Amino acid sequence: IGASICEELHKSNIDVMIHYRNSKEDAVYLKDKLNKIRVNSTDIVQGDLCKIDSYENIISNVIKRFGQLDYLVNNASSYFPTQIDNLNEDGWNDLISTNLKAPLFLCQAAAKFLKEQKGSIVNITDAKENNPKKNYIIYNLAKSGLVSLTRSLAIDLAPDVRVNAVAPGFIGTEILESIDPKKLEDMAKNIPVGRIGDVTDISNIVSFLASVESSYITGQVLHVNGGLTL
């Protein structure tokens, strides 16, 4: 999803800073791909979103490289189950840091620059934020908190910066590759539009929320799930 978002924004003539934690090879591949389309339009920055000192570093690298910051997309996310009988602090720190703490402090570090450009923030949450998934208690808490953060920032950063969120449903990423194809077919039958989502279903909406066409939209959570939660 993150790669698709980068590519979609890049199509709109937006220069892109790609953040990665461990996937340097993938980040370099995407950077090179986009720079072949438009020279010097893309770069990468490494950062562990569990560490507080990474947030200022990521934003400062954007400013050093491109001179301004117009959009911030908080897409990075840890995702794994946490059952109530085996909760631990390591799981809490990882899930809360990537899904909630990092978006908050990245927004803090970026706010001054976003205000200068009348910019936009888009947070990626989850279709299940109002309907928690069993045995994912910490992840559920983090994504629900991200929705609350979205609405709080929409108030606190207004009128200069708009803040919205996108809540994906079942999207055809590598996470679904381990699921039996027959089960995927059954899952698709239970979705009103009759299919699993594509990464472009998410990136198209992110691009829209970042654009001037959505200039009167802030504090909203757009559910992109084919009607899954109906």
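Predicted model: local features only at pLDDT ≥ 70, side-chain atom pairs only at ≥ 80, totals over all residues.
**Notebook: cores, strands and one buried Asn**

I started with the largest nonpolar core: it has 26 residues, and Leu106 and Ile121 touch the most other members.

Helices H3 (53-66), H4 (89-116) and H5 (137-156) each supply at least two residues of the core. A reminder from class: nonpolar side chains tend to be buried together in soluble globular proteins.

Then I looked up what Leu106 touches. Skipping residues up to four places away in sequence, I listed Leu49, Tyr55, Ile58, Ile59, Leu72 and Asn74. I also found another core lying apart from the largest one. That one has twelve residues, including Leu9, Val166, Ile202 and Val224.

On to the strands. S1 (residues 16-20) and S2 (residues 42-46) run parallel, and I noted five bridges joining them. Between S1 and S2 the chain passes through helix H2 (residues 24-37), and this β-α-β crossover is right-handed. I picked out one facing pair too: Tyr20 stands opposite Gln46 in S2.

Last stop was Asn140, which I found in helix H5. Is Asn140 buried or exposed? Its relative accessibility is 11%, and buried means under 20%, so I put Asn140 down as buried. What is Asn140 in contact with, leaving aside its neighbours within four places in sequence? I wrote down Pro132 and Lys133.

Conventions. Residues numbered from 1 in each chain as written. Heavy atoms only, no water. Pairing = 2+ DSSP bridges. Helix = DSSP H or I, 4+ residues; strand = E, 2+ residues; numbered from the N terminus. Right-handed = clockwise from strand over helix to strand, strands pointing away. Core = buried A, V, L, I, M, F, W, Y, C linked by side-chain atoms within 4.5 Å. Buried < 20%, exposed > 50% of the residue type's maximum accessible area, 1.4 Å probe, protein only. Contact = heavy atoms within 4.5 Å.
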